[in-house]
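Take your time with each task before reading the solution.

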Amino acid sequence: MMMISQDNLVLIVLAIIILIAIIVVSVQWRKSSVTKNNILLLEKQAELKKIELVEKDLENKKRKEEMSELSEKDQQKLRDIRANTSQILGKVNLLSTEVNEKADQLEAQSELLKLQKLAAKLDKKQAEIEKSLKK
């Protein structure tokens, strides 16, 4: 067996410590580069969202200009259609909410029924066990 001198042992320990430090630094560097890439991606997404909003705004302005070119009768027809659409969408939202609430209510009632049955079974089982213990 080879004897390791104290100087060699110190050098080995130092090499291991330096290796660990290099690994920690490289892992931290990688994490920071990933974070920087995520930030850049979010910035690009924000820019695209701004561009999309500007395009929608320009489209809306164009529609308004086209609307002003229409006759008063045609403009009124479009306003009536929009109002009717809003009413219909309001009814759809109301019915959708009612359906969801009724579904939640049915689910809760079903769960209540299951739990009541389970409680009854447990009470019956407990009574049987207590009866058996008294014998």
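This is a predicted model: local features need pLDDT of at least 70, side-chain atom pairs count only at pLDDT 80 or more; totals for chains, interfaces and linings use all residues.

**Exercise 1: The overall build**

Task: Work out how many helices and strands the protein chain has, and decide whether the chain is a compact globule or more spread out.

Solution: 
- Step 1. Start with the secondary structure: there are 2 helices and 0 strands in the protein chain.
- Step 2. Turn to the radius of gyration, which is 37 Å for the protein chain, whereas the globule rule gives 14 Å for 135 residues. The value is well over the rule, so the chain is more spread out than a compact globule.
- Step 3. Look at the extents too: the C-alpha trace spans about 105 × 80 × 15 Å along its principal axes.
- Step 4. Now check burial. Of the 135 residues in the protein chain, buried ones make up 1%.
- Step 5. Finish with the surface. The accessible surface of the protein chain is about 13,100 Å², and 63% of that belongs to carbon and sulfur atoms.

**Exercise 2: Finding the salt bridges**

Task: Find how many salt bridges the whole structure holds, and say which residues pair up in helix H1.

Solution: 
- Step 1. A search of the whole structure gives 3 salt bridges. To count, a side-chain nitrogen of Lys or Arg must be within 4 Å of a carboxyl oxygen of Asp or Glu.
- Step 2. Take Glu 52 and Lys 56. Their side chains meet at 3.7 Å, N to O, and this qualifies because the cut-off is 4 Å. Both residues lie in helix H1 (residues 6-69), 4 residues apart, about one turn of the helix.
- Step 3. Next come Asp 57 and Lys 61, whose side chains form a salt bridge at 3.8 Å, N to O.
- Step 4. Arg 79 and Glu 72 make another salt bridge, at 3.1 Å, N to O.

**Exercise 3: Buried or exposed?**

Solution: 
- Step 1. Recall the cut-offs for relative accessible area: under 20% is buried, over 50% is exposed, and anything in between is partly exposed.
- Step 2. Glu 52 has 33%, so it is partly exposed.
- Step 3. Asp 57, at 39%, is partly exposed, and Lys 61, at 46%, is partly exposed.
- Step 4. Arg 79 has 35% and is therefore partly exposed. Glu 72 reaches 54%, so it counts as exposed.

**Exercise 4: Charges on the surface**

Task: Identify which residues gather in a patch of negative charge, and count the charged side chains of the protein chain.

Solution: 
- Step 1. The negative patch on the surface is made up of Glu 101, Asp 104, Glu 107 and Glu 111.
- Step 2. Focus on Asp 104, which is found in helix H2 (residues 72-134). Its relative accessible area is 45%, so Asp 104 is partly exposed.
- Step 3. For the protein chain, the count is 25 positive and 21 negative side chains. The centres of these two sets are 7 Å apart.

**Exercise 5: Sequence and space**

Task: Find how far apart Ala 46 and Glu 98 are, in sequence and in space.

Solution: 
- Step 1. Locate Ala 46 in helix H1. With 38% relative accessibility, Ala 46 is partly exposed.
- Step 2. Ala 46 and Glu 98 are separated by 52 residues in sequence. In space, the C-alpha to C-alpha distance between them is 37 Å.

Definitions and conventions
Residues are numbered from 1 along each chain as its sequence is written. Side-chain values use heavy atoms; hydrogens and water are left out. Buried means under 20% relative accessible area, exposed over 50%, partly exposed in between (1.4 Å probe, protein chains only). Patches are made of residues with over 30% relative accessible area and no salt bridge: like charges are joined within 9 Å, nonpolar side chains (Val, Leu, Ile, Met, Phe, Trp, Tyr) within 5 Å. Accessible areas come from the Shrake-Rupley method with a 1.4 Å probe; for residues, only the protein chains shown count as cover. Lys and Arg count as positive and Asp and Glu as negative; His and the chain ends are not counted. The place of a charge is taken as NZ of Lys, CZ of Arg, CG of Asp or CD of Glu. The radius of gyration is taken over C-alpha atoms; the globule rule is 2.2 Å times the number of residues to the power 0.38.
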